[in-house]
Amino acid sequence: MTELAVRERLLVSVTDLLSALPLVALVERARDSDVSDSLLPALLIDDQGQAVLSETAAFVRYQMRMTVTIIAKASSGAALSSLLNELYAQTLTAIHSDPVLQQMALINEGDLSEQRVVRDASRRIGEMSFDLLITYETAPGNPRVAI
């Protein structure tokens with residue numbers, strides 16, 4: 001079997017790592033439909049592309065952008081905010097403490113946004129999205145070989 005491209009390995013690693021978080025019911029990459037209430041809290045991972053930062057005869061350095069969206073429900077605005085912040089903290093802690101990811105790339109946090117949707121007086125659903133800026137290097141002309 002052909003070895004996966006480095007960027008694919010990064011996406012798979014993040015998805016697998018976040019699937020192990022205890023509070024999360026669903027982790028899915030590139031989801032193309034709404035998430036039902038029964039699958040909350042959920043973490044959705046989206047590939048937002050990449051830019052070439054530098055290129056030499058020895059390596060190509062990329063910065064990939066991944067967006068992680070946390071969707072949760074709670075009975076009050078304060079409880080929802082607290083849950084979103086806890087899931088955010090668990091997500092970042094898992095990513096920054098994983099030795100495999102740390103060997104493959106430099107991972108920085110990008111912008112964060114939060115929004116709430118009131119479904120009824122007793123239940124609120126909210127989202128928090130943040131970007132991961134992932135810098136990695138490959139061999140020139142070979143996106144499957146990490147350097």
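Trainee: What's the relative accessible area of arginine 61?

Mentor: Arginine 61 comes out at 29%, so it is partly exposed. On this scale, with a 1.4 Å probe and protein chains only, buried means under 20% relative accessible area, exposed means over 50%, and partly exposed is in between. Keep in mind that this is a predicted model, where local features need pLDDT of at least 70, side-chain atom pairs count only at pLDDT 80 or more, and totals for chains, interfaces and linings use all residues. Residues are numbered from 1 along each chain as its sequence is written, and side-chain values use heavy atoms, with hydrogens and water left out.

Trainee: Got it. Which residue does arginine 61 meet in a salt bridge?

Mentor: Its partner is glutamate 137, at 2.4 Å from N to O. The two are 76 residues apart, with arginine 61 in strand 3 and glutamate 137 in strand 5, so the pair links distant parts of the chain. Glutamate 137 has a relative accessible area of 18% and is buried. The rule for a salt bridge is a side-chain nitrogen of Lys or Arg within 4 Å of a carboxyl oxygen of Asp or Glu.

Trainee: How many salt bridges are there by that rule?

Mentor: Six. One of them joins arginine 65 to aspartate 131, whose closest N and O atoms are 3.4 Å apart. Arginine 65 sits in strand 3 and aspartate 131 in strand 5, so this pair ties together parts 66 residues apart in sequence. Arginine 65 is partly exposed at 32%, while aspartate 131 counts as buried at 13%.

Trainee: And what are helices and strands here?

Mentor: They are DSSP runs numbered from the N terminus: H or I with at least four residues for helices, E with at least two for strands.

Trainee: Switching topic: how many aromatic pairs does a search of the whole structure find?

Mentor: Two. In one, tyrosine 62 and tyrosine 136 have ring centres 5.2 Å apart and planes at 25 degrees, so the pair is stacked. Tyrosine 62 belongs to strand 3 (residues 60-74) and tyrosine 136 to strand 5 (residues 123-139), so the pair ties together parts 74 residues apart in sequence. Tyrosine 62 counts as buried at 15% relative accessibility, and tyrosine 136 is buried at 4%. The other pair, tyrosine 88 with phenylalanine 130, is edge-to-face, at 5.1 Å centre to centre and 85 degrees between the planes. That pair links helix 2 to strand 5, 42 residues apart.

Trainee: What are the cut-offs for pairing and for each geometry?

Mentor: Rings of Phe, Tyr and Trp (its six-membered ring) pair if their centres lie within 6.5 Å; planes under 30 degrees apart count as stacked, over 60 as edge-to-face and the rest as tilted.

Trainee: Are tyrosine 88 and phenylalanine 130 buried or exposed?

Mentor: Both are buried. Other buried residues of helix 2 include Leu80, Leu84, Leu87 and Thr91.

Trainee: Last one: which side chain does threonine 69 make a polar contact with?

Mentor: Serine 129, at 3.0 Å. A polar contact is a pair of N or O atoms within 3.5 Å; within protein, one must be able to donate a hydrogen and the other to accept it, and residues adjacent in sequence count only if both atoms are side-chain atoms. Threonine 69 lies in strand 3 and counts as buried at 10% relative accessibility.
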